Amino acid sequence: MSSGERTYESAVARIEEIIRRLDSGDAGLRETLDLVKEGRDLVEYCAAELDAVSSGLDELRLEELVARLERAGTEAG
Amino acid sequence: MSARPKPISGEGIPDSDLPGPYPVGSYAERLRNRLREFARVQLVGEVWGFRPGRARVYFELRDARGALPCSMWQSDFEALGVKLTDGLRIVAGGGCDYYPGSSTSSPSFSFAVTELRIAGEGDLLVQLERLRRKLAADGLFEPQKLLHRPLLPRTIGVVTGERGKARDDVLAGLERRGWAGRLVWAFAPVQDRHAAPAIAAALRELAAIPEVEVAIVARGGGSLADLFAFCDEALCRTVALLRVPVIASVGHHTDRTLIDDVAAVSCSTPTHAAETAVGVDCRAARAHVATLTRRLHGQGRRAIVERARTLTHLSRAPGQHVARHRRHLHQLLRELRASAKRGGDQGRSLASVHMLVLRRSAARAAGADRVRRRAELERLALALAAHDPDRTLARGYALVEDDAGDPVTSAAAARKAEDVALRFRDGRVRARVTE
């Protein structure tokens, strides 16, 4: 899975798949270590996604946001 | 009908042609009964001065030629789920009624309404159905349903009225999910003729912001006429072709506007719409991720520890193998010795039995043959004594022996041995062969 396609739900689904594989006891040592590493990366991603929606409600009005984006666009231009 | 009341005698107006006087309460009661005999009908007109009372709601029904006070039981009115505003055209079904009053309360006339609907709603429904079929035929109900809806969006856009209750309901739904990300409010009128274009413009602008992952369109309940802005064809076409999924919550669950059909999801309340926009309970999700992390770490650790244990076991295996064989051999040896001992004992015990049998046999045979056997024995003893070397030596012979004590029986052997011993009856003498 490339990071561009990664979403919270796909990450959680993949972690659960990894745990099922590890629980089966069929994975060899090399595969186990690779799966654990991949799982840890995904868990970090999920935790970061949850942190992003836990830091406090950020309420914006559409017209303010549009004005801000237009200003940023002008400055960049 | 009650019987005509009796006039009160002696209190009438002198010279009057009119009957009576009658007690007013009796006349009021007759009036009520007469009014109730009027045919029950449907009236159409505009609502004015709507006000709720304790048990009934009151309003006037007006048109250009006249007006009628109306009332309706509060429970009947609430069951309709409609809101009456000044100027709203309605159809009211019912009949005339009169409250006769009493010495302490005023009388009142009203048209007692038992059925009510918003006028022109039937036309609206026909119009709506025609538009619904047209949008369906154009395939506009599908595109939104095919969009990916993120389970955990970081940014949500909301189109709603700035002062409506829907705004608070959306916030309550998000709070219930434990979600506290970025919320972009796009306030727009949600009722009048400006509503549909304003809502469409707000949705287009929200969709133009890359961070916005999902949009909610929310409005509380109202009459179908109030909600008609959400059946606007241009608005519905905008929603259908938007890049972000739209979650609609317009009116109560009994109302179904066209935006409900074209949106990705249609919800019964703004709170439900907010909960649908965030597909996970963030608090539960955090706990779940923590559990997944623990399981993952546990599995990683277990995989390594178990393999290390296996390796340790394997490294000890050859030594253990040898030790096991050694123990096995010792065991076999012990068993062999024990077996040998058992065999010897058994053999000895068998020999004793044989000896006993022989002795008994000998004793049995010892009878008649005893004398013959003794004579034979003595003969053999004499023959044996004749061959005894000591007897020969006693007669003066000597025996030549080598160093080892073996007899030297030839001259060649004596020459070869050189040193020999001569054994006489009474002892040995060493001698040297000099030849």
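User: Among contacts in chain B between residues at least 6 apart in sequence, what share join residues at least 24 apart?

Analyst: A contact means C-beta atoms, placed from the backbone, within 7 Å. In chain B, 63% of the contacts between residues at least 6 apart in sequence join residues at least 24 apart. This is a predicted model: local features need pLDDT of at least 70, side-chain atom pairs count only at pLDDT 80 or more, and totals for chains, interfaces and linings use all residues. Residues are numbered from 1 along each chain as its sequence is written, while chains are lettered from A and ligands numbered from 1 in the order in which they are written.

User: What is the mean pLDDT of chain B?

Analyst: pLDDT is the predictor's confidence in each residue, from 0 to 100. The mean for chain B is 86, and 93% of its residues reach 70 or more. For the complex, the predictor gives an ipTM of 0.83 and a pTM of 0.54.

User: Which elements does chain A have, from the N terminus on?

Analyst: Elements are DSSP runs, numbered from the N terminus: helices are H or I of at least four residues, strands E of at least two. Chain A runs α-α-β-α. That is three helices and one strand. Chain B has 14 helices and 13 strands.

User: How many residues of chain A are in contact with chain B?

Analyst: 30 residues of chain A touch 28 residues of chain B. On the chain A side, α1 (8-24), α2 (29-52), β1 (58-61) and α3 (62-76) each give two or more residues. The largest share, eleven residues, is from α2(A). By type, the chain A side has 18 nonpolar, six polar and six charged residues. Here Ala, Val, Leu, Ile, Met, Phe, Trp, Tyr, Cys and Pro are nonpolar, Asp, Glu, Lys and Arg charged, and the others, Gly among them, polar.

User: Which strand of chain B do bridges join to β1(A)?

Analyst: Strands pair if DSSP finds at least two bridges between them. Four bridges join β1(A) to β7 (residues 182-187) of chain B, and the two run parallel. A:Leu60 stands opposite B:Val184. A:Arg61 has B:Trp185 as its bridge partner.

User: What is the order of the strands in the open sheet?

Analyst: Six strands, paired in parallel, follow the order β1(A)-β7(B)-β6(B)-β8(B)-β9(B)-β10(B). β1 of chain A and β10 (265-266) of chain B are the edge strands, each pairing on one side only. α3(A) packs on the sheet, touching β1 of chain A and β7 of chain B. The direction of α3(A) makes about 80° with that of β1(A). Such angles run from 0 to 180 degrees between N-to-C directions, with axes fitted to C-alpha atoms, for helices over the stretch in contact.

User: Why does B:Ala274 count as buried?

Analyst: Buried means 20 or more other C-beta atoms within 10 Å of a residue's own; 12 or fewer is exposed, and in between is partly exposed. B:Ala274 counts as buried because it has 28 C-beta neighbours inside 10 Å. B:Ala274 sits in α10 (residues 270-277) of chain B. Beyond four places in sequence, B:Ala274 touches B:Val170, B:Gly173, B:Leu174 and B:Ile216. Overall, 23% of the 435 residues in chain B are buried. For the 77 residues of chain A, the figure is 25%.

User: Which residues in the largest nonpolar core touch the most other members?

Analyst: A nonpolar core joins buried Ala, Val, Leu, Ile, Met, Phe, Trp, Tyr and Cys residues through C-beta atoms within 7 Å. The largest has 71 residues, and B:Ile216, B:Val246 and B:Ile259 touch the most other members. The contacts of B:Ile259 include B:Val217, B:Phe230 and B:Leu235. A second, separate core of 13 residues includes B:Leu61 and B:Met72.

Terms used
Contact = placed C-beta atoms within 7 Å.
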